[in-house]
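Okay, thanks for coming, everyone.

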Amino acid sequence: MKNRIILHIDMDYFFAQIEERENPRFKGKPVVVGADPKKGRGRGVVSTANYEARKYGIHSALPISLAFKACPEAIFLPVNMGLYKKVSEKVMNIVTRYSKIWEVVSVDEAYLDISFLSSYKKAENLAKKLKNEILKKEKLTSTIGIGPNKLIAKMATNKAKPNGFLIVKPDQIKKFLEPLDVQDLPGIGPKTAEKLRVISINKVKELKELSRLKLKNMFGVVGGKIYERARGSDEGEVSPEEIIKSIGKEHTFEEDTRDPKVIFGTFDKIIKGVHQELFDNKFSFKTITVICRYQGFETHTKSKTLEESTHNLEILKKESKRLLLKFLIEKPKLIRLIGVRVSHLS
Ligand code: TTP
Ligand code: MG
Ligand code: MG
């Protein structure tokens with residue numbers, strides 16, 4: 001592949017930053033956006049927290065009850081998705097004007113292929129202009145990473161957060177990656193990292209000592225990907241087709257439950273919601289994933305990939321219920337959350 005220059009942009013503490021912008025009196029105070037904490041008895045999770053709140057260990061996906069415990073005096077706000085989506089659209093309208101080749105990956109994150117500039121100096125100027133335009137027009141800060149591929153660009157963003165900017169040129173990749181923790185590599189979550197830590201592999205530099213074969217033996221197909229990523233390789237293209245990769249919905253019960261009426265009743269609603277969104281976007285799916293979170297936050301997923309793509313509601317119902325049933329049979333534990341996600345969309 002020819003030399004590319006890829007830019008990654010991600011808005012800083014997006015939902016919480018929008019709330020701060022709308023309510024300047026929140027500035028400088030810890031702000032948590034997410035489920036209702038109900039004085040510590042709330043059952044949902046944190047969507048995001050501003051950097052003041054992060055000092056207390058509060059982060060996305062943390063149970064809201066723990067967030068409340070960590071900082072009861074924080075400002076807790078509900079998720080105002082309508083507003084965030086509007087702001088997201090405005091931001092992305094700005095971002096996507098900077099290159100013909102773009103990919104919006106989430107509400108607050110996008111890639112631009114800016115290879116046409118053919119110099120990192122020009123790329124730096126473009127990035128600064130883009131950051132400034134968003135700040136001026138939307139009064140929001142962002143972080144930009146630039147590198148020879150999507151992987152490096154995104155990791156540069158993560159490293160430079162918040163309100164930062166970082167370029168990692170091809171000849172700087174080794175020095176950039178090797179001191180990082182294995183978990184800083186996208187695709188290495190806590191479970192994978194733990195398996196590496198037990199064999200004393202903590203840094204990317206140490207990870208590079210493992211052969212491709214060894215990693216494949218440890219992690220299957222993903223092992224090959226890890227091998228590539230540890231070396232900073234990523235052939236993935238910036239492509240708008242990947243805007244929606246999956247559609248999913250989930251529900252946290254008010255109380256942990258084993259009541260099949262409650263569980264399957266809720267599950268039906270979730271499935272219908274997912275199907276509606278598929279329908280609205282004119283998508284078919286091939287893979288169904290059911291997520292089940294037991295009491296104590298122990299979370300598992302089960303997936304089924306169909307022979308052929310479909311948008312049929314009955315198939316979605318039948319297959320996802322079969323997966324959910326397996327969870328119910330496997331463990332007698334109370335259930336906290338269930339969800340369905342469909343992917344391999346076409
Ligand atoms: P992120 O970009 O992952 O996080 P962030 O913008 O809040 O903070 P930063 O990028 O500075 O680290 O996610 C963007 C938004 O998506 C986030 O503001 C809220 C939402 N979100 C959730 O609702 N739940 C989640 O688990 C995550 C990770 C994000
Ligand atoms: Mg963000
Ligand atoms: Mg993001």
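So, start with Y13: one of its backbone N or O atoms is 2.8 Å from an oxygen atom of ligand 1. That's a polar contact, meaning a pair of N or O atoms within 3.5 Å; inside the protein, one atom must be able to donate a hydrogen and the other to accept it, and sequence neighbours count only if both atoms are side-chain atoms. A polar backbone atom of F15 sits 3.0 Å from a ligand 1 oxygen, and for S47 a side-chain N or O atom is 3.3 Å from a ligand oxygen. Of the 560 Å² of accessible area that ligand 1 has on its own, the protein covers 69% (Shrake-Rupley, 1.4 Å probe).

Quick housekeeping: this is a predicted model, with local features needing pLDDT of at least 70 and side-chain atom pairs 80 or more, while totals for chains, interfaces and linings use all residues. Residues count from 1 along each chain as written, chains are lettered from A and ligands numbered from 1 in written order, and side-chain values use heavy atoms, without hydrogens or water.

Now, who's around the ligand? The shell has 13 residues, with D10, Y13, T48, Y51 and R54 the closest; being in it takes a heavy atom within 4 Å. They split into five nonpolar, three polar and five charged (Ala, Val, Leu, Ile, Met, Phe, Trp, Tyr, Cys and Pro are nonpolar, Asp, Glu, Lys and Arg charged, the others, Gly among them, polar). Domain 1 (6-13 + 101-172) and domain 2 (15-81) each supply at least three shell residues, with bounds from an automatic or database assignment.

The chain also has domain 3 (178-230) and domain 4 (246-343), and the C-alpha centres of those two are 30 Å apart.

Backbone next. Back to Y13: its phi is near 25°, positive in a non-glycine residue, and Y13 is in the loop between β1 and α1. Helices here are DSSP runs (H or I, at least four residues), strands likewise (E, at least two), numbered from the N terminus. And which bond is cis, with omega near -10°? The one from K161 to P162, with P162 in the loop between α6 (150-160) and β8 (165-167). For context, most peptide bonds are trans, and most residues other than glycine have a negative phi.
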